[in-house]
Amino acid sequence: MVIAPEKLVKEKECFSCRDVLWYLVFSGFAVSYMIKLHLSLTIIAMVVAPQPKATTLAQCAWNEYVQKSNSSSLWTNATSLTNSLDNNTTNTSLTSWDTTQTLEHSPSKNETQSNHRFSWNEYDQGVALGAYSWLHPIMELPAGFLAHRYGTKLIFGLTIFIPATLGFMTPVLARYHFYAFVLLRALQGGIADVCWSAVHSMTAKWIPIDDRSKFLSAYFGGAVGTAIVYPMCAILINSFGWDSVFYVTSALGIIWCVAWYYLAFDTPQEHPRISVGEKTYILERLGNSVNITTSQKVPWKAILTSRPLWIVTIAHVGYMWGITILYLGIPSYFNYIQGWNIQAVGMLSAIPQVLRMLFSYTISSFSDWLLKTERMPIMWLRKVAVFLGCGIPSIMLLGLAFSGCHPTLAIAFMMASLIATGATSAGTLAVTVDLSPNYASILFGIMNTISSIVKFLAPMMIGILTNNNQTIVQWRLVFLITVAIMFSTSAVYIFFGTSEVQHWNYQDDEEDPVELEKLRSKVNKADCEETTAYIPKKRDNCSYSESAECCVTEMND
């Protein structure tokens, strides 16, 4: 007999340990993304203000001017063009250098000005911003393996603690030497960007399959961190200078690490404050699919030749391609084509991030409800989620591609596309845990290593197609290629994918169902006395072997 866990949890605690873990993971990703993205805005305040360049008219603004000029006088045309240049355009690079400066003396790269700004040209700034992703592809798989071997509490904690600690050194190294600053950013990114792989192992050991989608929505805490970091940076820079951005975000990281150290544990068995009801609930729902030991040999050959793993990896590559285009390409599109200024684009990019997180939580909670009530098999649920997270965004991008110079349509399609990607928490992110709870971090590390290549290829495609050719036609081609990739890769998983636990997840030396039942029995026997403390009356005629049943009976009374 087993204790009715739902009854015990409701009676004894307001927040379960899994709820606490969700908030910890959510806030951890938010802080990680703050450390990752704060330089995008801070670097504008760090560099010497460039000499103004001649503005270029966005294509849609130019089309509007031409239409007006055909029905106006010559004097009106000249005024219209001047006003269009003033009102509908933006400096395409806030941190670029005028080439005429090369004729004059320019301070060295490490020479600071009286206002603590650096003489970094546009190329240098690109190097500094891109350094964060240099080590990402080679760190994903090692991070997944280390999390499997040493536990998520240590590895995920270090992915935030080390970058946060290095962040305190950023202003000093930036003033010391440019390449010291770049190296620091590369180290931060190489460690911080593997947080996704690191946390997957804990997810497998803590979260039953019918609670998994909602828990994985915590991974989208990064979206909320993205929405917070830009206005926060602006306030800090205006009030205390650009140095404060690095100190504040690093301090937030350290504070989070303290909470993580005291509140997070790798398995329910290790948690000193978990209730017997919740612990039993988790053990019962996980069954024998997860081994609490971490010393078993990793079946590398079986993993690397697993057809289901490569199918879900293909779908994740399509998702990563689309999200990279949305993150990196959309700001340029609205700047060059629609004629929006940088401030407006920044606000436009932040709003859907919050909506994306809310959509992820909603669709994930609904997915878990479908599983608990057995209204949809898990395999079809994952396929529907993949379609929502990849297929729907690709359809919205198709609308964006043909929205032309209609900014309202463009905004609607862009926001719908980005928000819909939140469904991936119930899709590809969950499938790697479904396939092998014992090796979830390793599987995710492999999948994300392959997908990280997209972070280089997608921006390269944008540069090739739009370099000195910022037109609707070229951007339409960018979006159509993205539509083809996202839709086709999601179709591969929808037609051929699975979410069944793979045979190589189980090892010969791991616990069989009999051993697991013994463990559950020990939990019930050891904690039944604690449980009955919450029962008004205790039956004295229950035998020791029936203690668990008695506990439940009294609770029901």
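**Helix packing and buried residues**

Helix α2 passes helix α7 in a left-handed crossing, a term that applies when the near helix is turned anticlockwise from the far one by less than a right angle. The structure is a predicted model, in which local features need pLDDT of at least 70, side-chain atom pairs count only at pLDDT 80 or more, and totals for chains, interfaces and linings use all residues. Residues are numbered from 1 along each chain as its sequence is written, and side-chain values use heavy atoms, with hydrogens and water left out.

Helices are DSSP runs (H or I, at least four residues), numbered from the N terminus. Helix α2 (residues 17–46) and helix α7 (residues 152–167) pack at an angle of about 35 degrees, and their axes lie 10 Å apart; axes are lines fitted to C-alpha atoms over the stretch in contact, and angles run from 0 to 180 degrees between N-to-C directions. Gly28, Phe29, Val31, Ser32 and Ile35 of α2 meet Phe156, Ile160, Pro163 and Ala164 of α7, contact being heavy atoms within 4.5 Å.

Helix α18 (residues 378–401) comprises 24 residues and reaches 34 Å from its first C-alpha to its last, close to the expected 34 Å, where the expected span is 1.5 Å times one less than the number of residues. A bend of about 35 degrees occurs in α18 at Leu388, taken as the angle between axes fitted to the seven residues ending there and the seven starting there.

Ser452, located in helix α21 (residues 440–452), is buried, with a relative accessible area of 1%; buried means under 20% (1.4 Å probe, protein chains only). Ser452 touches His136 and Pro137, residues up to four places away in sequence not being counted.

Conventions:
Helices (H or I, at least four residues) and strands (E, at least two) are DSSP runs, numbered from the N terminus. Buried means under 20% relative accessible area, exposed over 50%, partly exposed in between (1.4 Å probe, protein chains only).
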